[in-house]
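I opened my notebook and picked a few places to look up. Here is what I wrote down, entry by entry.

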Amino acid sequence: AWTSLSEVRDKEENLSRALAAFTEAVKVSTLAAFPFQYATIQNGQGNAYLGLAGVRDKKENLSRAISGYIEALKVYTRAAFPGDYAMTQNNLGNAYRRLAEVEGKPEDCRLAIVAFEEALKVYKLEKFPIDYAMTQHNLGNAYTTLAEVEGKPDNCRLAIAALEETLKVFKLENFPVEYAITQNDLGNANRKLSDLEGRVEVKIENSRLAIAAYGKSLKILKLESFPVQYAAIMHNLGTAYCDLAGLEEKVENCRMAVAAYEEALKVRTVEALPMDYAMSQNALGVAYWTMALMEKDVHVKSENCRLAVTAFEQALKVYSLDKLPVDYAMAQNNRGLAYRTLAEVENRQDNCKRAIAAFRESLRVRMLETRPVDYAKTQESMGFACWSLAEVEDKAENCRLAMHAFSEALKVF
């Protein structure tokens, strides 16, 4: 009851109450004395910890959820309790997949995939179409997560295949919301495949497929009815357009990306959704900066750089050095790049100095020992900023600083 109540109000408090009740119950319903009740309690405990992981202590609570499901499966065997077995395997898969997103470990993704495949030994399309579709959907997302961790395009293809299986059941006319959610995830899988593919023509095709899938999703998940989901898909759509901009029609696709990110930010405010706000602002900044790089008109180039700087500074309202150092360093690095580009068309001295200051802030986190590739990229960018500054101020000193930065980058490159 507490677990169900947590879905509508006071999530953390009610899940904590549920866990306290399960702890008391298992003292009586032991594995030896009451095996079925024991398994039911353990599965319930797993669900409560899975819910609590969305509120706090994600890694710890996901690990506890996994332990609960594994305990339940000591009783819920496929032969004796096929329905309970499949349900618990599906739950176990979700816990492993979410843990993989936290830790970035491929073995957690693989364990999730194994669990979903076990559930599908029971959930057949002909007998349990809804459960089949839900589990195929989860399987598809697990393969997408594995592709993100391992960087292998074959995992994207397996994700796409599973999500297309899902759409055999979740059709637009019968399950519009589930259809839309699946289309969004299909877009994510195609976008990741575009990122991992080496052939330009395949990258373009998959970026276009991703954009088409997000478009189908947005026909159902509209701003008025599903604001949070609408914003998330709009952000994904913006990212797909940014990806496509790297392959064709750069300026036009960047404009489409900007429009999508701005739509997302209608919902993703700093007060309501601070992390999502910062993520979309940072992405918006990258899109504006990319347009600035391509722009020949000095005034338009300057305006896009300023808009990029503003977006990065908005992201930095959330990405603080003490709480989110990696994101802070990323946004500061991006801010530096925007100022460096702005220095090409106006006020070179001041904007180069602003760029260098931003790069130095980024390097407080991007250290050679811990983040070598990021360190090298930022040092290289700082080298170019110092080199540009040397043309207008203190030539010898700034050339020396530029050479030092380039030398630091070469420790990695």
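**Entry 1: a serine and its partner**

In which helix is the place of Ser 217? I found Ser 217 in helix 10, residues 200-218. I noted that helices (H or I, at least four residues) and strands (E, at least two) are DSSP runs, numbered from the N terminus.

Before going on, I wrote down that this is a predicted model, where local features need pLDDT of at least 70, side-chain atom pairs count only at pLDDT 80 or more, and totals for chains, interfaces and linings use all residues. Residues are numbered from 1 along each chain as its sequence is written, and side-chain values use heavy atoms, with hydrogens and water left out.

Is Ser 217 buried or exposed? Ser 217 counts as buried because its relative accessibility is 0%. Buried means under 20% relative accessible area, exposed over 50%, and partly exposed in between (1.4 Å probe, protein chains only).

Next I looked up the contacts of Ser 217, where contact means heavy atoms within 4.5 Å. Setting aside neighbours within four places in sequence, Ser 217 is in contact with Ala 180, Ile 181, Gln 183, Asn 184 and Ile 233. I followed one of these, Gln 183. Ser 217 and Gln 183 are 34 residues apart along the chain, yet their C-alpha atoms are separated by 5.5 Å.

Gln 183 sits in helix 9, residues 176-196. With a relative accessible area of 5%, Gln 183 is buried. Beyond its neighbours within four places in sequence, Gln 183 is in contact with Leu 167, Ala 213, Lys 216 and Ser 217.

**Entry 2: helix 7 and its neighbours**

How do helix 7 and helix 8 pack? I read an angle of about 165 degrees between helix 7 (residues 129-150) and helix 8 (residues 153-166), with their axes 8 Å apart. Axes are lines fitted to C-alpha atoms, for helices over the stretch in contact, and angles run from 0 to 180 degrees between N-to-C directions. Helix 7 and helix 8 are therefore roughly antiparallel to each other.

Helix 7 passes helix 8 in a left-handed crossing. That means the near helix is turned anticlockwise from the far one by less than a right angle; clockwise would be right-handed. By class, the contact of helix 7 with helix 8 has eleven nonpolar, seven polar and two charged residues. Here Ala, Val, Leu, Ile, Met, Phe, Trp, Tyr, Cys and Pro count as nonpolar, Asp, Glu, Lys and Arg as charged, and the others, Gly among them, as polar.

Then I turned to helix 9. Helix 7 and helix 9 pack at an angle of about 25 degrees, with axes 10 Å apart, so they are roughly parallel to each other. Their crossing is left-handed. By class, I noted four nonpolar, four polar and three charged residues in the contact of helix 7 with helix 9. Among them are His 137 and Asn 141 in helix 7, and Ile 181 and Asp 185 in helix 9.

**Entry 3: helix 12**

Which helix holds Asn 253? Asn 253 is in helix 12, residues 250-264. Its relative accessible area is 5%, so Asn 253 is buried. Not counting residues up to four places away in sequence, Asn 253 touches Tyr 241, Leu 244, Ala 245 and Glu 248.

I also checked the span of helix 12. At 1.5 Å a residue, its 15 residues should span 21 Å, and the end C-alpha atoms are 21 Å apart, which agrees. The expected span is 1.5 Å times one less than the number of residues.

The buried residues of helix 12 include Cys 254, Ala 257, Val 258 and Tyr 261. The buried residues of helix 12 pack against helix 11 (227-245) and helix 13 (274-294).

**Entry 4: the whole chain**

How many helices does the protein chain have? I found 18 helices and zero strands. Buried residues make up 49% of the 413 residues. The C-alpha trace spans about 85 × 45 × 40 Å along its principal axes.

Methods. Angles under 35 degrees count as roughly parallel, over 145 as roughly antiparallel, 65 to 115 as roughly perpendicular and the rest as oblique.
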